[in-house]
Amino acid sequence: MPAFSNGFPLSYQSGFRSFHSTVTALLEASDNWAFNIDPGYINAVVFLDLKKTFDTVNHPILLSKLSLYGVKGNAYELLSSYVDNRRQKCVVNGILSKSRTLTCGIPQRTILGPLLFLFYINDLPNCLSDSQPRMYADDTHLTYADNDICPIEASLNQDLSNINRWLIANKLTLNMTKTAFMLIGSRQKLNSLAVLPALEINVTQLNRVNVTKSLGVSYQRYI
């Protein structure tokens, strides 16, 4: 995929890009965590679970972003016609419903669908102040590393507040039951912690987990 002059796609994104895959996303994350552990830091990693992102892409917002990224003229009109005025029917128990206009969402299992989704989510990292994102399509996690819990808690809570505002502005939501955080570090460092960070988003406390799965791979807190 060619890079656009207006910062598309950002380097944090590994999904649907040439020479990138789930493997590159996993290796970059693991290498970053190991690099932080060497000087004795703790990685606080928040795993975000977005709800039905492909189905909830807002068409006016998407088209506005396409324009901001420099998509103009015939190319813009083509993509606009691709998402606008789509209609859908459903079959339930053998009965076909009436046709309804789709006001949001982009077609999946298509060539253009993933590209349009990347345009939509590409600016998410721009709202972050301190933490480092890593993304594969909508699979996103944030990392902030320090040797002290206080700056970890303050920095991540600030960025989670920023994320919440970005989600509201882009009409997306998190699955809070699956959004969680993990502390990744050496066994000695983690066992010496007197307190744990209290992380929240939109006044909902995040669960801390010791094992989680990302892109099909299970992570545990000790490295």
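The protein exposes about 12,100 Å², and carbon and sulfur atoms supply 52% of it. Accessible areas come from the Shrake-Rupley method with a 1.4 Å probe; for residues, only the protein chains shown count as cover.

This is a predicted model: local features need pLDDT of at least 70, side-chain atom pairs count only at pLDDT 80 or more, and totals for chains, interfaces and linings use all residues. Residues are numbered from 1 along each chain as its sequence is written, and side-chain values use heavy atoms, with hydrogens and water left out.

**Overall build.** The C-alpha trace spans about 60 × 45 × 30 Å along its principal axes. The protein holds six helices and 13 strands. These are DSSP runs, numbered from the N terminus (helices: H or I, at least four residues; strands: E, at least two). Of the 223 residues, 43% are buried. Buried means under 20% relative accessible area, exposed over 50%, partly exposed in between (1.4 Å probe, protein chains only). Among contacts with a separation of 6 or more, 73% join residues 24 or more positions apart. A contact means heavy atoms within 4.5 Å.

**Charge.** There are 20 positive and 16 negative side chains, and the centres of the two sets lie 12 Å apart. Lys and Arg count as positive, Asp and Glu as negative; His and the chain ends are not counted. The place of a charge is NZ of Lys, CZ of Arg, CG of Asp or CD of Glu.

**The sheet.** Five strands form an open sheet in the order β6-β7-β1-β8-β11, with mixed pairing. Strands β6 (132-136) and β11 (207-208) stand at the edges, each with a single partner strand, so one side of each is left without a neighbour in the sheet. Two strands pair if DSSP finds at least two bridges between them. Strand β8 (residues 180-184) runs parallel to β11, joined by two bridges. Phe181 stands opposite Arg208 in β11.

| Residue | Location | Relative accessible area |
|---|---|---|
| His59 | helix α2 (residues 59-68) | 4% |
| Tyr69 | loop between α2 and α3 (73-83) | 10% |

The side chain of His59 reaches the backbone oxygen of Gly105 at 2.7 Å. Leaving aside residues up to four places away in sequence, His59 touches Val83, Asp84, Leu102, Thr103, Cys104 and Gly105. Tyr69 and Ala44 are 25 residues apart along the chain, and their C-alpha atoms are separated by 32 Å.

How values were computed: Polar contact = N/O pair within 3.5 Å; in protein donor to acceptor, adjacent residues only side chain to side chain.
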